[in-house]
Amino acid sequence: MKTMLFRIYQWVIAYPILAVLTIITAVLTIFVSTLGMSRSLGYYIPHIWARLWCVLLFVRVEVRGRENIDPGTSYVFIANHQGAFDIFVIFGYLNHNFKWMMKKSLEKIPFVGFACRVSRHIMVDRSSASAINQTMVNAKKILRDGMSLVVFPEGSRTPDGKMKPFKRGAFMLATEFGLPIVPLSIDGSFRVMNKTTLNTAPGKIVLTIHRPMQQTGERTKEVMESMMAESFAIIKSELDE
């Protein structure tokens with residue numbers, strides 16, 4: 001009975017409200033970004049929007065390890081990707097200004113895709129070698145300005161709740177700029193809403209912010225693979241798979 005009542009609330013009340021709020025958020029983000037405020041309001045407006053998604057759908061978020069990061073330091077955050085709510089958890093509760101590294105195909109989402117582009121999130125285009133190179137150039141411009149970056153190195157949401165192998169892009173950028181890598185463990189998002197459904201389930205998501213992994217300055221293949229393996233193990237250590 002409780003599940004049925006929640007489904008009615010979700011589809012009749014919560015989702016319509018959140019759809020309107022999403023459009024308003026996208027329009028406001030586009031507006032402030034065209035005025036040159038993508039670094040400030042371009043972050044804080046979606047920050048509030050993400051929290052509203054969690055509040056209206058009865059998703060509690062617990063953050064652990066916030067003391068491990070400095071608000072004034074730039075990082076490359078890497079997180080596991082359990083479900084759609086990973087976005088709301090990081091945007092709403094990390095409390096650290098950043099840009100996303102996301103698939104270029106997300107530009108096609110009405111309003112939201114354009115808002116992401118004008119607010120200078122990094123769109124990853126893997127259609128060709130030159131496109132990939134341009135993506136890296138754009139990312140370097142963002143990081144050169146002292147901005148942090150959030151990446152899902154698995155590339156897409158897990159289909160079964162288990163972590164998938166990491167891709168190298170985030171680690172290459174972190175090494176290029178000597179930025180600390182901060183692993184983020186997101187646990188509970190798969191149970192709240194996985195990629196096979198549009199329904200959500202009220203629950204708790206835990207975001208664990210691990211200690212930064214400092215760069216050694218070396219760019220060898222062995223060093224890169226070591227960083228990927230270490231960060232993978234750190235993130236997985238906090239997950240209940």
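A: On a 1 Å grid over the protein atoms alone, a cavity is a set of points where a 1.4 Å probe fits but cannot get out, and lining residues have an atom within 4 Å of a point. This is a predicted model, in which local features need pLDDT of at least 70 and side-chain atom pairs pLDDT 80 or more, while totals for chains, interfaces and linings use all residues. Residues are numbered from 1 along each chain as its sequence is written, and side-chain values use heavy atoms, without hydrogens and water.

Q: Which residues line the largest cavity?

A: Ser38, Arg39, Lys99, Arg120, Ile142, Asp145 and Met147 line the largest cavity. Its volume, the space filled by probe spheres set on points joined across faces, edges and corners, is about 40 Å³.

Q: How does that lining divide by class?

A: Ala, Val, Leu, Ile, Met, Phe, Trp, Tyr, Cys and Pro count as nonpolar, Asp, Glu, Lys and Arg as charged, the others, including Gly, as polar. Here the lining has 2 nonpolar, 1 polar and 4 charged residues.

Q: How many cavities of 30 Å³ or more are found in the whole structure?

A: The search finds 2. The second largest cavity holds about 30 Å³. Its lining has 10 residues, and Asn80, Gln82, Thr158, Gly161 and Met163 are the closest to its centre. By class, that lining has 2 nonpolar, 5 polar and 3 charged residues.

Q: What lines the second largest pocket?

A: A pocket is an open set of points with protein on both sides within 12 Å along at least five of seven lines. The second largest pocket has a volume of about 230 Å³. Among its 14 lining residues, His121, Ile122, Met123, Gln134 and Asn138 lie nearest its centre. The lining comprises 4 nonpolar, 4 polar and 6 charged residues.
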